[in-house]
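Trainee: Could we go through this one together? I'd like to start with the terms.
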Amino acid sequence: MSRIKQRFSELKQQDRKALIPYITAGDPAPEHTVGFMHALVDAGADIIELGVPFSDPMADGPVIQKACERALKQGTRLVDLFDMITTFRQTDTTTPIVLMGYLNPIERIGYQSFAEQAARAGVDGVLIVDMPPEEAEDIGPLLKSHQLDAIFLVAPTTSHERAATICAHGEGYLYYVSLKGVTGAATLNADDVAEHLAPLREMTDLPLCVGFGIRDGVTAAEVSKVADGVIVGSALVSRIAASTEIPETIAGQLKTVLSEMRTAMDA
């Protein structure tokens with residue numbers, strides 16, 4: 001059983017929902033990322049989404065765009081993420097890790113090399129924002145052969161037919177984008193999310209995890225009532241952005257934000 005599937009199985013037995021934080025690797029500098037990952041786990045993270053820095057993150061808002069810029073300015077490359085994850089795995093062998101990013105950096109090192117290095121480092125899943133299932137015929141089999149879950153996005157505007165196609169190809173969990181627009185968007189309505197998740201539950205047994213618009217314990221708790229997992233990114237990355245000059249304080253701030261969400265979700 002994969003680490004992702006194992007984690008959701010454990011959470012179901014405990015009647016709890018997954019808390020999935022996102023941070024951009026290499027932000028504000030590569031040497032801090034592994035420490036941040038451990039801090040997130042200490043604060044209650046069930047799965048970690050680790051962002052691959054990219055120069056044109058089209059689905060992301062200003063907060064994560066600037067995080068990518070900071071990481072790239074520090075020279076962070078995709079292959080550096082494999083080293084970070086290898087180091088993280090020296091002391092944490094159970095927390096699932098999902099790489100989230102765009103296709104271009106993967107194409108640069110080659111699909112075969114990417115799959116091999118990701119699996120060797122201890123990656124569990126891959127979410128490539130600009131790779132729909134229809135275009136995954138080359139990389140998809142490689143991911144599967146290396147036991148890497150291919151995770152896909154579903155949006156409020158996704159048609160029923162297309163959602164069925166995505167569900168048929170997805171693994172690990174389904175990432176439901178709760179809002180139209182980019183990451184960091186403002187208003188989230190849990191009732192609206194529940195309405196959109198209902199037909200998806202009829203299409204797939206995959207856990208349904210909701211991202212975009214999760215910013216505090218209140219929104220995390222509301223969404224966790226209707227979803228299997230809550231994904232939070234901009235609320236954490238903005239804390240990193242505010243403290244780039246004092247990076248030694250960031251891990252504590254990330255723990256504070258995530259602990260509040262964990263407590264609210266478990267209440």
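Mentor: Helices (H or I, at least four residues) and strands (E, at least two) are DSSP runs, numbered from the N terminus. This is a predicted model: local features need pLDDT of at least 70, side-chain atom pairs count only at pLDDT 80 or more, and totals for chains, interfaces and linings use all residues. Residues are numbered from 1 along each chain as its sequence is written, and side-chain values use heavy atoms, leaving out hydrogens and water.

Trainee: Thanks! Where is Ala43 placed?

Mentor: In the loop between α2 and β2 (48-51).

Trainee: And is Ala43 buried or exposed?

Mentor: Ala43 has 5% relative accessibility, so it counts as buried (under 20% relative accessible area; exposed is over 50%, partly exposed in between, with a 1.4 Å probe and protein chains only).

Trainee: What does Ala43 touch?

Mentor: Leaving aside residues up to four places away in sequence, Ala43 touches Lys255, Leu258, Ser259 and Arg262; contact means heavy atoms within 4.5 Å. Ala43 and Ser259 are 216 residues apart in sequence, yet their C-alpha atoms are 4.9 Å apart.

Trainee: Switching to helices, which residues of α2 and α12 meet?

Mentor: Phe36, Ala39, Leu40 and Asp42 in α2 meet Ile250, Ala251, Leu254, Lys255 and Leu258 in α12.

Trainee: At what angle do α2 and α12 pack?

Mentor: About 30°, with the axes 9 Å apart. Axes are lines fitted to C-alpha atoms, for helices over the stretch in contact, and angles run from 0 to 180 degrees between N-to-C directions.
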